[in-house]
Amino acid sequence: MTGTTAVPSLETQDSEALRAALAAGDGAHHETALGGFVVEGEARHARLMLCHGAGAGHDSPFLVRLRQQLATRGIQVVALEFDYMATMRKEGKRRPPPRIERLVAELAEWRRALLALDGETPLWVGGKSMGGRIASLLATQVEVAGLVLCGYPFHPPGKPARLRLDHWPEIRCPLLLLQGTRDPFGRRDEVEGYDLPAQTECHFLGGGDHDWKPPKRHAQTQSTLIDEAVGHVARRLSASE
């Protein structure tokens with residue numbers, strides 16, 4: 001399903017599967033009418049709805065380490081899968097994402113279902129690259145506890161004039177931005193020149209590219225940069241209790 005077609009509701013059986021997964025937090029994969037999902041950890045401090053990027057799902061080493069490390073810090077991660085990615089996974093063939101409006105609508109349905117099951121735990125929304133962009137768009141439409149943006153795609157690589165910041169002035173919630181200093185979608189020198197919302201807390205990961213991979217012989221590794229980012233996220237989300 002693409003474009004503006006109706007988004008399936010996570011009702012009855014899917015909702016019960018989501019409820020059981022939130023209680024277990026065991027990292028098991030579950031299927032729903034809207035795509036798969038994984039719940040990692042216990043929500044001792046907060047819950048983070050985490051969206052994947054355009055080309056890699058939640059089985060990528062980056063996102064697996066990110067959610068597992070967050071879980072050890074008391075942040076429960078609901079790693080959700082968009083419908084097009086679920087189809088791509090099942091068919092074994094790559095396909096482009098649908099229109100961004102469709103993905104925002106899917107994320108809104110996941111948020112609705114989670115809040116229906118637990119309206120007390122602070123629910124942050126975020127994601128990797130495109131997933132972070134979708135989360136930021138949702139935050140202009142509904143109330144969320146805050147945003148966690150990992151490698152935000154400020155512009156396509158090599159096209160710095162095509163900024164994806166038009167909606168940012170409408171964001172009112174806390175915003176935590178984690179960006180590699182060498183990210184071709186927004187390097188440190190570029191991001192520091194943007195007029196970002198006053199509530200933005202930005203941390204640059206030294207040497208990291210879009211996947212937070214530093215150059216060879218760098219003092220850090222992708223894993224240590226992910227762990228550094230996890231420390232910032234855990235501190236910020238723990239303060240949201």
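The model is predicted, so local features need pLDDT of at least 70 and side-chain atom pairs count only at pLDDT 80 or more, while totals for chains, interfaces and linings use all residues. Residues are numbered from 1 along each chain as its sequence is written, and side-chain values use heavy atoms, leaving out hydrogens and water.

Let's start with the sheet. Strands of a sheet pair through backbone hydrogen bonds, either parallel or antiparallel. Here, eight strands form an open sheet with mixed pairing, in the order β1-β2-β4-β3-β5-β6-β7-β8. Strands are DSSP runs of E with at least two residues, and helices are runs of H or I with at least four, numbered from the N terminus; two strands pair if DSSP finds at least two bridges between them. At the edges, β1 (26–32) and β8 (200–205) each pair on one side only.

Now look at β7, residues 175–180, which six bridges join to β8 in parallel. Leucine 175 stands opposite threonine 200 of β8, and leucine 178 has histidine 203 as its bridge partner there. Four bridges also join β7 to β6, again running parallel, and cysteine 150 stands opposite leucine 178.

Is β7 buried or exposed? Six of its six residues are buried, so β7 is largely enclosed by the rest of the structure. Buried means under 20% relative accessible area, exposed over 50%, and partly exposed in between, with a 1.4 Å probe and protein chains only. Leu175, Leu177 and Gln179 are buried on one side of β7, and Leu176, Leu178 and Gly180 on the other.
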